[in-house]
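User: Please take a close look at the salt bridges in this model. Which side chains pair up, and where do they sit?

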Amino acid sequence: MAKNLASLLEKMWTDYVAINPLAQKVYDLFEARGDKVLNDHIALRTFNHPRVSVDVIAAPFLASGYKYCGDYHFTEKKLYAKHYEHSDALMPKIFISELKLEDFSKDLQLTVASLIEQIPAGQEHTFDFSSMGRPWKVTKALYEKLMKESDYAAWVAAFGYRPNHFTVFINALKSFTDIQALNTFLKENGVKLNSSGGEIKGTPAVYLEQSSTLANNIEVKFDDGVMTIPACYYEFARRYPLANGNLYQGFVAASADKIFESTSKGQ
Ligand code: NI
């Protein structure tokens, strides 16, 4: 059980590559070129239910040297998000989004509430809740039902609390000067990129360019059997300096609306 920030982040990475072996492969490809991989951010997902809202999920990070640094509205995906930065600039930013339940049907709201009710009292306040996986029972039928309204809701129902993606900080990779070259390198090595809205989301004008792999499909155990569904993806971010010379550290809502589609089913 992770009791401090370093062990929590390590546990998150270990669990993440266990269900997303492609991320380990890409990580190894970078290291083989002599690059040192730094994480730009780690993305977590939840619902805006009071027991598991962004603020609840963020608490252990705020207690470990992170500070709130910005918030975002993703209108297309009906999400609200906040990002957090550590005083040590080498630490990944933490990006936490929550699905705005009131923007969905009563049926979806009740379904999600029935999942959250299964979390043992107080477990959501434990230090490593954000890496514990699925704290509720869920059937294939329930997953499919949620998927009709929101692939995001279905993803959280199936995978629970764990990183949705890690993001490589391209600026720290010495052997790549731009995101185009990085994408080309990945494709030459057989890595499929998410091309929804173009392979590169964002531009230097918004100080952030990002690309990502497609989410890999894995077999997930539900209470009534196994089903193959999209799991996690690996993301790549290049940041540009603001007029004051400091790299932009925020996120761009319009780009992320597209990136969230990486875990839509059928890709
Ligand atoms: Ni991201």
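**The salt-bridge network and other pairs**

A network of salt bridges links D40, K93 and R239. The model is predicted. Across the whole structure, a search finds 9 salt bridges.

The side chains of D40 and R239 meet in a salt bridge, at 2.6 Å from N to O. This pair links distant parts of the chain. D40 is in strand β1 (residues 39–47), and R239 is in strand β9 (residues 233–239). The two residues are 199 residues apart. Both D40 and R239 are buried.

Next, a pair between helices. K145 forms a salt bridge with D107, and the closest N and O atoms are 3.5 Å apart. K145 is partly exposed, because its relative accessible area of 37% falls between the 20% and 50% cut-offs. D107 also counts as partly exposed, at 40% relative accessibility.

Finally, D35 and R33. Their side chains meet in a salt bridge, with 3.9 Å from N to O. That value counts because the cut-off is within 4 Å. D35 has a relative accessible area of 3%, so D35 is buried, as the limit is under 20%. R33 is partly exposed, with a relative accessible area of 36%.

Conventions
Residues are numbered from 1 along each chain as its sequence is written. This is a predicted model: local features need pLDDT of at least 70, side-chain atom pairs count only at pLDDT 80 or more; totals for chains, interfaces and linings use all residues. Side-chain values use heavy atoms; hydrogens and water are left out. Buried means under 20% relative accessible area, exposed over 50%, partly exposed in between (1.4 Å probe, protein chains only). Helices (H or I, at least four residues) and strands (E, at least two) are DSSP runs, numbered from the N terminus.
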